Amino acid sequence: MAKIIIYYSQGGRTDLVAKTLAKNLNADLVRISDLKNRKGFKNKLFASINAFRETKTEILPEKVNLENYDTIYFGTPTWAGNPTPAILTIIDRCDLKSKDVILFATMDANHGESNIARLEEKVKLRGARVIESFTIATKDKSPKKLAQDTEAIIKMKDLNMY
């Protein structure tokens with residue numbers, strides 16, 4: 001079974017989770033870049049508003065060919081309790097008919113479940129079947145601890161079987 005992890009990361013924590021998943025699950029990795037400046041207090045405030053409103057954004061790559069993949073992971077930080085605009089944009093551009101999807105959300109403290117719920121709605125509308133999901137708290141965790149927590153989720157959720 002071919003697997004791919006498609007994710008967005010701004011601060012690097014979601015990037016570490018995605019790379020740990022890819023390494024342990026032998027999955028391909030695609031990082032989505034948001035072409036809009038999301039750094040700085042003002043831009044982060046507008047980013048949270050964009051996430052809440054589900055505003056689309058310009059991204060690279062613009063599209064990902066999923067034809068050769070059986071299992072697709074989508075990963076995103078949690079902004080204002082929601083998925084990031086970059087992940088919502090790529091999901092809307094993907095053909096997910098008959099695909100198995102695993103969703104993950106990183107978060108500082110909470111609201112990851114609302115992020116996952118919205119992601120699940122979006123991928124199901126695109127024809128996917130959600131087979132698993134998880135959230136992972138990242139606040140104040142060292143990179144080593146975050147990688148260990150991700151590996152523990154892989155074992156706990158038995159992600160190797162997909």
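**Reading the sheet**

Author: We can begin with the sheet, which is open and has 6 strands in the order β3-β2-β1-β4-β5-β6, with mixed pairing. The strands β3 (59-60) and β6 (129-137) stand at its edges with a single partner strand each, so one side of each is left without a neighbour in the sheet. Please keep in mind throughout that this is a predicted model.

Reader: In what sense do β2 and β3 run, and how many bridges join them?

Author: Strand β2 (residues 28-34) and β3 run antiparallel and are joined by 2 bridges. In one of these places Ser-33 stands opposite Leu-60 in β3, and Asp-34 stands opposite Ile-59 in β3.

Reader: Which helix packs on the sheet by touching β1, β2, β3 and β4?

Author: That is helix α3 (residues 85-93), which touches β1 (3-8), β2, β3 and β4 (71-77), and whose direction makes about 140° with that of β1. Helix α4 (residues 112-125) also packs on the sheet, where it touches β4, β5 (100-107) and β6, and its direction makes about 150° with that of β5.

Reader: Let us turn to β1. Which way do its side chains point?

Author: The general idea is that in a regular strand the side chains alternate between the two faces of the sheet. In this structure Lys-3, Ile-5 and Tyr-7 point one way from β1, while Ile-4, Ile-6 and Tyr-8 point the other way, and all are buried. Since 6 of the 6 residues of β1 are buried, the strand is largely enclosed by the rest of the structure.

Reader: In what sense does β1 pair with β2, and over how many bridges?

Author: β1 and β2 pair in the parallel sense over 5 bridges. Within this pairing Ile-6 stands opposite Val-30 in β2, and the chain crosses from β1 through α1 to β2 in a β-α-β crossover that is right-handed. Ile-5, for its part, stands opposite Leu-29 in β2. With β4, too, β1 pairs in the parallel sense over 5 bridges, and there the bridge partner of Ile-4 is Ile-72.

Reader: How should I read a helix such as α1, and which of its residues are buried?

Author: Helix α1 (residues 13-25) has 13 residues and reaches 18 Å from its first C-alpha to its last, close to the 18 Å expected at 1.5 Å a residue. Its buried residues are Thr-14, Asp-15, Val-17, Ala-18, Thr-20, Leu-21, Ala-22 and Leu-25, and the buried residues of α1 pack against β1, β2, β4, β5, β6 and α5 (143-156). After the helix comes Asn-26, whose phi is positive, near 55°.

Reader: I would now like to look at single residues. Is Asp-34 buried or exposed?

Author: The cut-off that matters here is that buried means under 20% relative accessible area. Asp-34, which lies in strand β2, has 13% relative accessibility and therefore counts as buried. Its side chain is joined to that of Thr-57 by a polar contact of 2.8 Å. Not counting residues up to four places away in sequence, Asp-34 touches Tyr-8, Thr-57, Glu-58, Ile-59 and Ala-86.

Reader: Where is Thr-84, and what does it touch?

Author: Thr-84 is in the loop between β4 and α3, and, with a relative accessible area of 0%, it is buried. A polar contact of 2.9 Å joins its side chain to that of Thr-76. If its neighbours within four places in sequence are left aside, Thr-84 is in contact with Tyr-8, Thr-76, Pro-77 and Trp-79.

Reader: And which residues does Thr-71 touch?

Author: Thr-71 lies in strand β4, and at 0% relative accessibility it counts as buried. Not counting residues up to four places away in sequence, Thr-71 touches Met-1, Ala-2, Lys-3, Ile-4, Asp-100, Ile-102, Ile-131 and Tyr-162. Thr-71 and Ala-147, on the other hand, are 76 residues apart in sequence and 21 Å apart in space, C-alpha to C-alpha.

Definitions and conventions:
Residues numbered from 1 in each chain as written. Predicted model: local features only at pLDDT ≥ 70, side-chain atom pairs only at ≥ 80, totals over all residues. Heavy atoms only, no water. Pairing = 2+ DSSP bridges. Helix = DSSP H or I, 4+ residues; strand = E, 2+ residues; numbered from the N terminus. Contact = heavy atoms within 4.5 Å. Axes fitted to C-alpha atoms, helices over the stretch in contact; angles between N-to-C directions. Expected span 1.5 Å × (residues − 1). Buried < 20%, exposed > 50% of the residue type's maximum accessible area, 1.4 Å probe, protein only. Right-handed = clockwise from strand over helix to strand, strands pointing away. Polar contact = N/O pair within 3.5 Å; in protein donor to acceptor, adjacent residues only side chain to side chain.
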